[in-house]
Amino acid sequence: MTKPVRIPALSDNYVWLLPYAPGLAAVVDPAVAEPVLEAAEARGLRISHILNTHWHPDHVGGNAAIKAATGCTVVGPAREAARIPGLDLGVDEGDRVALCDIHLDVLFVGAHTAGHIAYHVPAARLLFSGDTLFAMGCGRLFEGTAADMFAALGKLKALPADTLVCCAHEYSLSNARFAVTVEPDNAALQARLKAVEAARAAAQPTVPFRLSEELETNPFVRADTIAELGARRSAKDAF
Ligand SMILES: [Zn+2]
């Protein structure tokens, strides 16, 4: 397996193309179809699978056209089956998706949406976290509660600390600016804010990132209680 390819889409989405065998790739949360098909073709890759994390249109918008163009298999959250265009295989906590000789473990992380899942690739130390875990942030609670997000982040932060997190949005700068208001004395966070400011000023991406960075700087991952996470999420919504 080679490194996932980050494809910017819409205003701040990242679609991930995952080459997993010679000439074959999966694509995670295709917001749109054309740049994804172009990126695959440019690398001589055939898209065999779409992997969706949740039903929001900026994560499934490219499903139909990519499936029509490639005949790929669409994998997505079983609990949101009716809202995933072209779904072939609904999956949930504990399921495994096999891609040739590698496999992805499905983690249920419902909170941002009620059926949200994440895909963990243990062999490659990769996590596709969708809109659940962002750099220094977490997804808004559209369909779930603070307790749901606390449980979801608890599951993700238990993964190996060197896991590379591929999330679905470039939200790092706004998240960092909020995070320093929560933990103004966190030196690692201050350093990360500076790094993110510099990267964004140079129009560089800040994703992917290591889970270890979140353990040190993400105020939602670092919340000790459901109430603390909930208060931080409400404050960020109004930030
Ligand atoms: Zn979403």
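The stops below visit aromatic pairs and charges over rings.

This is a predicted model, in which local features need pLDDT of at least 70 and side-chain atom pairs count only at pLDDT 80 or more, while totals for chains, interfaces and linings use all residues. Residues are numbered from 1 along each chain as its sequence is written, and side-chain values use heavy atoms, with hydrogens and water left out.

A search of the whole structure finds four aromatic pairs, where rings of Phe, Tyr and Trp (its six-membered ring) pair if their centres lie within 6.5 Å, and planes under 30 degrees apart count as stacked, over 60 as edge-to-face and the rest as tilted. Select phenylalanine 134 and tyrosine 171 to begin: their ring centres are 4.9 Å apart and their planes meet at 65°, so this pair is edge-to-face. Phenylalanine 134 is buried, with a relative accessible area of 2%, whereas tyrosine 171 is partly exposed at 31% (buried means under 20% relative accessible area, exposed over 50%, partly exposed in between, with a 1.4 Å probe and protein chains only).

Next, select phenylalanine 178 and phenylalanine 220, a stacked pair with 6.1 Å from centre to centre and 20° between the planes.

Finally, turn to arginine 79, which lies over the face of phenylalanine 108, at 3.5 Å from the ring centre; a charge sits over a ring if NZ of Lys or CZ of Arg is within 6 Å of the ring centre and within 35 degrees of the ring normal. Arginine 192 has its charged end over the ring of phenylalanine 209, 5.4 Å from the centre of that ring.
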